There are 4 protein chains.
Amino acid sequence: MNGAGRDPVGGDDGVAMLQHLGARMTDWREDFAQLQLPVRAHLMNRQGLPHGGVYATLLDSAMGFAGCFDNDPARPRLALTLTLTVNYLAQPRGTVLIAEAWRTGGGRRSFFADGRVVDEIGTSVASGSGVFRYRGDA
Amino acid sequence: MNGAGRDPVGGDDGVAMLQHLGARMTDWREDFAQLQLPVRAHLMNRQGLPHGGVYATLLDSAMGFAGCFDNDPARPRLALTLTLTVNYLAQPRGTVLIAEAWRTGGGRRSFFADGRVVDEIGTSVASGSGVFRYRGDA
Amino acid sequence: MNGAGRDPVGGDDGVAMLQHLGARMTDWREDFAQLQLPVRAHLMNRQGLPHGGVYATLLDSAMGFAGCFDNDPARPRLALTLTLTVNYLAQPRGTVLIAEAWRTGGGRRSFFADGRVVDEIGTSVASGSGVFRYRGDA
Amino acid sequence: MNGAGRDPVGGDDGVAMLQHLGARMTDWREDFAQLQLPVRAHLMNRQGLPHGGVYATLLDSAMGFAGCFDNDPARPRLALTLTLTVNYLAQPRGTVLIAEAWRTGGGRRSFFADGRVVDEIGTSVASGSGVFRYRGDA
């Protein structure tokens, strides 16, 4: 992993839901995060395509992390999602989904982020935006 | 289960993602669907709350089913999500999440739906809306 | 007008954009607001239908007011829209659009609202949701 | 104006709502559209800022046009908005709002678009996305 070499997704204090789906963080920097998820049978809807909730989960996570990067694992920044919108652009090809997100605005109390999911050949298969509120007094 | 007694979520031709999370359909009628999901450890974010993607998955599924009810299992109606918006209203209490959704408009080619997630004591913890496109010539 | 008999839309210190479109407030209570807008030529798109921005303006306003009712005109509560989603359900009939909105959650710092626009014969022609942040220390 | 030199906003068969606000099209190409709107008193909310509906109107229009460019004025492509999401990132400075939008996906029947509004000094003050349906048999 790039970024600070930290992995807030894995481990006992990580994100259980992402571990349950099989996702892992592959980049994390100031205002940016990237997650990857191998496409496997347990992610599918009844049409044999990744469930819409899979893209939503990846985008919600990547956007949330994009606004919460910091260098001190002992004092993690945490955020709550206020709202999330996902647009489903195309059906994916290949064996992996890559979610990338950017913090696009906000301040001490809340932030905005945009994100997208691309498939293995680089096609944007979903895009999204969200508004998040920092936890605590931040 | 109420409705027509059919369960499009369970079984080998069901919705793998919902099975993977532990959700099941508990009602399905014309223009309405209800899903239930026990709150368990694998659904959590790093704050110990259900991940935002859990609500999105439930709402996407319930809204999609709300527009696809029919009485002929041999010819299922299927829909693709075009867009999904989820608002995160409150933190849930209790041991189960209940997602309900209603078809609110549309025609032969696409439909609109609204949905909400309530917790065990009846509080609305998330709401959402979506636009869906019917598959095939429908 | 019902509610407290106050009209925060009209007058010199009102909402210039709503006045410019021709809208007026027709109800305002705790957690609820209603606006009405006569359908006139200046609201149309190039297809002769009310512009999508008209519904968005009405919903944004009605939802914002729904979270800002108070009884003291000398100390108005004000809110900023963080995000707004509008679903366009149907084409309107008749000569007036009626927007209604409800505060659905939140706390001291931000709130959620849902809204809808109905036409003269009572059909829901648009629905929406939004997240808003109170101004100042509220 | 760049693009094909056509102006589908102005004139008797243009977009009355945009004319009423004072907006004009400043670029139109395949999969892209740009509108500009001088900031004037009639656009304001009761806080003296451009009303949220102003950004929504600009984004809805620019995104709709981005998916409807063609070279034959006698046979305009038209689209209906299915859904629109707007994020309000910052307060604008200067005397003009510039809305830009890109078609990001879709096919013959519907399309997706993203857009943003920047102020006079280039700050992104709003972003948005939408799903649109082509009119007629398109």
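In which strand of chain B does B:Thr83 lie? B:Thr83 belongs to strand 3 of chain B, residues 79-88. Helices (H or I, at least four residues) and strands (E, at least two) are DSSP runs, numbered from the N terminus.

The structure is a predicted model, in which local features need pLDDT of at least 70 and side-chain atom pairs count only at pLDDT 80 or more, while totals for chains, interfaces and linings use all residues. Residues are numbered from 1 along each chain as its sequence is written, chains are lettered from A and ligands numbered from 1 in the order in which they are written, and side-chain values use heavy atoms, with hydrogens and water left out.

**The surroundings of B:Thr83**

With a relative accessibility of 3%, B:Thr83 counts as buried. Buried means under 20% relative accessible area, exposed over 50%, and partly exposed in between (1.4 Å probe, protein chains only). Leaving aside residues up to four places away in sequence, B:Thr83 touches residues that include A:Val86, B:Gly130 and D:Thr83. Contact here means heavy atoms within 4.5 Å. A polar atom of the B:Thr83 side chain lies 3.2 Å from the backbone oxygen of A:Val86.

**How the copies are related**

Two copies of a chain are related by a rotation about an axis and a shift along it. Chain A can be laid on chain B by a turn of 180° and a shift of 0.0 Å along the axis, with an RMSD of 0.0 Å. This is the relation of a two-fold axis. In chain A, the C-alpha nearest the axis belongs to A:Thr85, at 2.1 Å. Copies are superposed by least squares on the C-alpha atoms of residues with pLDDT of at least 70 in both.

Chain C can likewise be laid on chain B by a turn of 180° and a shift of 0.0 Å along the axis, with an RMSD of 0.0 Å. In chain C, the C-alpha nearest the axis is that of C:Thr85, 3.8 Å from it.

**The two interfaces**

The size of an interface is often given as the accessible area lost when the parts come together. Buried area is the accessible area (1.4 Å probe) that two parts lose on being put together, summed over both.

| Interface | Buried area | Share from carbon and sulfur atoms |
|---|---|---|
| Chain A and chain B | about 3,200 Å² | 52% |
| Chain C and chain B | about 800 Å² | 51% |

Between chain A and chain B, the contact takes 42 residues from chain A and 42 residues from chain B. A:Met17, A:Arg46 and A:Gln47 lose the most area in chain A to chain B, together 24% of what that side buries. The count between these chains is 24 residue pairs in polar contact (both at pLDDT 80 or more). A polar contact is a pair of N or O atoms within 3.5 Å; within protein, one must be able to donate a hydrogen and the other to accept it, and residues adjacent in sequence count only if both atoms are side-chain atoms. Strand 3 of chain A gives the most to the side that touches chain B, with 10 residues.

Between chain C and chain B, 10 residues of chain C are in contact with 10 residues of chain B. C:Asn87, C:Leu89 and C:Phe112 lose the most area in chain C to chain B, together 52% of what that side buries. Two residue pairs are in polar contact across this interface (both at pLDDT 80 or more).
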